[in-house]
Amino acid sequence: MEQNKREGVTLWYPSASGDRGGTWLLAVLGLVAIGVPVFNQLVPVSSATHLSVFGITLIGKYLCYGMLALAIDLIWGYCGILSLGHAAFFALGGYAMGMYLMRQIGSRGVYGDPILPDFMVFLNWKSLPWFWHGFNHFPFALAMMVVAPGLLAFVFGWFAFRSRVTGVYFSIITQALTYALMLAFFRNDMGFGGNNGFTDFKDILGFDLHSDSTHVVLLVVTAVALAGSYLACRTIVESRAGRVMHAIRDAESRTRFLGYPVESFKVWIFVFSAVVAGIAGALYVPQIGIINPGEFAPINSIEAVIWVAVGGRGTLYGAIAGAVLVNYAKTYLTGAFPEVWLFALGALFVLVTLFLPRGIVGLVQARVKDK
Amino acid sequence: MKRLLRGAQWLLPLLALWAVLPATAQSPNDATFLSTLGELREASYSDKENIVERLSQSGHPSGRAVLTALLEDRLYFRNSDQKVFIVKTAGEDPLSLIDPLTLKSAGSTAADQLTQIGTNNGLRRVLRMALAHFGLASPDASVRLDAVREMMQSLDEPTVALLRHQMAVEKDSSVKKEIATGLALAALDGTDTKARLQAIATLKDSVSQDVRNRLALLLDKSPDGGFVETNEQVRRAAATAVASIDRSRAFYSGIETLFFGLSLGSVLVLIAMGLAITFGVMGVINMAHGELMMLGAYTTYLVQVAMPGHIGISILAAIPAAFVIAGLTGVLMERTIIRFLYGRPLETLLATFGVSLILQQSVRSIFSALNRSVVTPDWMSGSLRLNDALAITYNRLYIVIFTLIVFAVVMLVLRRTRIGLDIRAVSQNRAMAKAMGIRTEWVDAMTFGLGSGIAGVAGVALSQLTNVGPNLGQAYIIDSFLVVVFGGVGNLWGSLIGGMSMGIFNKLLEPYAGAVLAKIFVLVALILFIQIRPRGLFPPAGRASEDK
């Protein structure tokens, strides 16, 4: 295995000799996609092994977060771009899905208006704002889940990378970006429901969002989407373009002098990553049942980065594992010892950066090597 | 109003005499004063107005105290012997009494043994006017000024006469100016065109909203379409005057906005200064910077709790305390975490973010998630009134001054002291500094401690502006990072100029866009600015700045 030593952290280049972590990941995802329907639908409710909707929602949430972590790892681990605003793309995808779901409510809302969502009636709006048109059609909404985060990433990335905003500067302005979006979405007159956001969804594509089977299907879709995005990311990093990305990560100026259009590579990988994050958000919303501007909070983005760091930066599957593990710990700790959670998360940040620069995957790999 | 006029008319000459010649006033007759006072008990409100006028005319030395008490609902009579008393503080039980004649304490009586002498709006107006007349005689210019302002509320003939008299003897220029405005306002109602034009000319220089509105009345149209004011010359002069007042008011409100911007900018600079040192000089992104400020704010709270009798001094005492506490926390952070991560800015960012979470939760566990109240000392509350259109609150003014002082001190430390020299040497060329025998490790710790200490000092200032709670740090941290990036990393002057201009830009936008949108605009503008100058207003120069 080739190694590159930079910034005191050893990052592995992808190797042609198989992708064991990825194989494991796909196997686990396959198990989830098969196991969840079995344990929910076939095992009777009375049985101890029955999986409740709550459990499914939780797993679905972890998988969506895993996808967000995957998106961050793609740019941070392989291209050296640390975005502290990636949750903004996640939230944008979520909002696009939320708008579709809001339109699906139709006249079943509290105010019973066939066109306007409840919050617009409440704000005394007379007609649908222009950007809400078309969201009653699923294909359009689906396109927007990809286009909205992708477009923002393109515009932002194009401006930022073209003027060579790199490193911590880029991190800080991405943070400012998500902060600005949060402030904007909190405003009622933006037309996105203000601080309440969207909730109280009824159904998706005609399927009732309160039924078990819809949740099962959504979870399977999420698992498939995660597997698909993993394979796509893996393909990218193993490709020739992936090689250039590594070069950019390790020596940006040198890559530029060698004649590669560094900015274009960065912009497109950033856009792709934002789209993956957007899809993750779009899958997240129908399962959780709510989206609000809190999703744009800078801390969410930073938390997502720590999932990647915990799992192992620059491995893709490690990022997903990190997201699931940290969030499982969060679910457990906020339930059992709410006081402890922030201490634990804070300590995790410190300890992982100090002692586990390559995350859990690095730890496991070191063990495997020793044997 | 008519009755007041009639009453005041015959009261005036005597009052004027009293006002001008207080020392030679005729020796007052206590008995007459007391019996007049006694009449207040059963008089109707209109009779009371009469009595008030007689009391103020009596020239008795306690007249003013009695009238003030009546205005403030502190004048009572005892049910048993019908004697009238001033009550020290209303609402107590028993009430402590003051003899209205001698103004000395007269024991105390249960509240239900006393009956309050009531007032109504009309009576209170008469009382205020009478007290304003007393005020004109005061040796204190600011009291006289208040009295004139009070009298301007209702400019009747006797008041105008009194003002005119005062004008002749008044020495203080600001009081004189106020009287001139009052007289001019009164002259507007006259019939002499020349006098009215002159009055308008005088009023043109005023910036008061009241004067503007009064002049604008001259331009009103009556329902039938014609002007209320028939004299065209007066109308034209009034129109010019209103425009001129509007212009100067707009000018002053511009200054006010600018000042608001400066004070917001000062807060940003204060916060960014610490960051400029840790981020700029050391290249360390300290995400816990906001939490170090929070520690400073909580230190202020603790210092106030520790010295409850000295709120005024406690703020000053809190400054060094906050510096030490936040500084020590910073040194501890540097020694235990950050020094292992030099050269890896992204990892440092994450680790310090972890520290920020731990600090936040510690404070939440110790002090609860609720906000703590930090008292604003008296010398920081209130506002400095420059003229009718411009008033500057003291706390904002002090924040600006405080920021400049801290900035100067930090500059001095960096430029004129040994440690400052060391800090600059290490930041410019670590290896060379080390070769020269500078203990770079120690300098790193001190630099980080200095930056953190400044954050603590900023926390003291913030405790006066916002709620002191566990989330205090997060509210400003993104803004202040942007200030540093905007100003140019590692450049204190850049932070100063960047912070101030961001604050002013924000406040200039606010009236048009609202607070939230203004903030969004500033963020977007900064993101765009970074496109043009990726390394800020004053980019760091030299090889060391590359690839940091």
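1. To begin with burial: 41% of the 548 residues of chain B count as buried (20 or more other C-beta atoms within 10 Å of a residue's own, with C-beta atoms placed from the backbone). Please keep in mind that this is a predicted model, where local features need pLDDT of at least 70, side-chain atom pairs count only at pLDDT 80 or more, and totals for chains, interfaces and linings use all residues. Residues are numbered from 1 along each chain as its sequence is written, and chains are lettered from A in the order in which they are written.

2. On overall form, chain B has a radius of gyration of 32 Å, whereas a compact globule of 548 residues would have one near 24 Å (taken over C-alpha atoms; the globule rule is 2.2 Å times the number of residues to the power 0.38). The C-alpha trace of chain B spans about 95 × 65 × 40 Å along its principal axes.

3. Chain B holds 21 helices and 7 strands (DSSP runs, H or I of at least four residues and E of at least two, numbered from the N terminus).

4. Do have a look at helix H18 of chain B, residues 440–463. Because 19 of its 24 residues are buried, H18(B) is largely enclosed by the rest of the structure.

5. Now the interface: the contact takes 35 residues from chain B and 37 residues from chain A (C-beta atoms, placed from the backbone, within 7 Å). On the chain B side, H14(B) gives the largest share, 14 residues.

Methods. Expected span 1.5 Å × (residues − 1). Buried ≥ 20, exposed ≤ 12 C-beta atoms within 10 Å, placed from the backbone. Contact = placed C-beta atoms within 7 Å.
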